[in-house]
Amino acid sequence: PHSFEPTPSDVAKINESDIFIYTGKFMESWAHDITKGLNEKVKVVEASDGIKMMKVDNDHDHNDQQGVDPHIWLDFNNAEIIVLNIEKALSGIDPENAEYYAENAQKYIQELRKLDGLYNETLDICETKTIVYGGHYAFGYMAERYGLEYKSAQGFSPDSEPSAKDLAEMINQIKNEDIRYIFYEELTSPKIAETLSKESNARMLELNAAHNIKKEDYQNGTTYISIMKGNLENLKTGLNCKQ
């Protein structure tokens, strides 16, 4: 999503659509650029509208989206705002079914609130409060919401690379704090997490930022909710959260 480049046929499809939804200019700059030239009949929805963006000082990444963390959906309160922004757009172009969209939005918001409750309950009793992530900086919103410390090996861009000094500091932290699990990113090479794991003897667990899913996952009904439930199970193990 950070580096996607649409083909001319992609742009043509968007131009023929009723609604075009994108996360925001900090997440999908390509989409923000496209909206300037779209047919005026296309309803453009910036799903992050109304969300307070988190500013982060990031040492690894010089192309860091102006210091703004774009991974807004990893705070369930923000996810609620996204749902309502989409519901408003659907109701706007199809007012006859506005009640249907509103009902579905509220059902989904209840699911998000249940998830938030589960996260609060589980992460409140963890022995470790530090997430060490061998991927790019994605979980700042989640860490802030649940009072966790979050340390990522890379900047906001998956192409950013940690220096040898960065890695050495992370390895020392893992050893000094007796951190037993390193989390790695979905759908990218886990080589950085593997290096941290090898040098510290910590085990590895996936933490999925829900940027994207494989085609077979989509076909098998994988959802944002199911990904977040899977993350909670891995956080429960990795942070030693005992019931």
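**Close-up 1. Tyr-133 is buried in this predicted model.** Its relative accessibility is 0%, so Tyr-133 counts as buried. Phe-139 also has 0% relative accessibility and therefore counts as buried. The rings of Tyr-133 and Phe-139 form an aromatic pair.

Close-up 2. Phe-139 sits in the loop between strand E5 (130-133) and helix H5 (140-145). Tyr-150 belongs to strand E6 (residues 149-152). The pair therefore ties together parts that are 11 residues apart in sequence. Both Phe-139 and Tyr-150 are buried.

**Close-up 3. Four aromatic residues form a cluster.** Ring pairs link Phe-4, Phe-20, Tyr-22 and Trp-30. The structure as a whole holds 11 aromatic pairs.

**Close-up 4. Helix H4 packs with helix H9.** H4 spans residues 98-123 and H9 spans residues 224-238. Their axes are 11 Å apart, at an angle of about 5°. This angle falls under 35 degrees, so H4 is roughly parallel to H9.

**Close-up 5. Residues of H4 meet residues of H9.** On the H4 side, the contact includes Tyr-108, Leu-112, Leu-115 and Tyr-119. On the H9 side, Ile-225, Met-228, Leu-232 and Leu-235 are among the residues met. Glu-111 in H4 and Lys-229 and Lys-236 in H9 also take part. By class, the contact has 11 nonpolar, two polar and three charged residues.

Terms used. Residues are numbered from 1 along each chain as its sequence is written. This is a predicted model: local features need pLDDT of at least 70, side-chain atom pairs count only at pLDDT 80 or more; totals for chains, interfaces and linings use all residues. Side-chain values use heavy atoms; hydrogens and water are left out. Rings of Phe, Tyr and Trp (its six-membered ring) pair if their centres lie within 6.5 Å; planes under 30 degrees apart count as stacked, over 60 as edge-to-face and the rest as tilted. Buried means under 20% relative accessible area, exposed over 50%, partly exposed in between (1.4 Å probe, protein chains only). Helices (H or I, at least four residues) and strands (E, at least two) are DSSP runs, numbered from the N terminus. Axes are lines fitted to C-alpha atoms, for helices over the stretch in contact, and angles run from 0 to 180 degrees between N-to-C directions. Angles under 35 degrees count as roughly parallel, over 145 as roughly antiparallel, 65 to 115 as roughly perpendicular and the rest as oblique. Contact means heavy atoms within 4.5 Å. Ala, Val, Leu, Ile, Met, Phe, Trp, Tyr, Cys and Pro count as nonpolar, Asp, Glu, Lys and Arg as charged, and the others, Gly among them, as polar.
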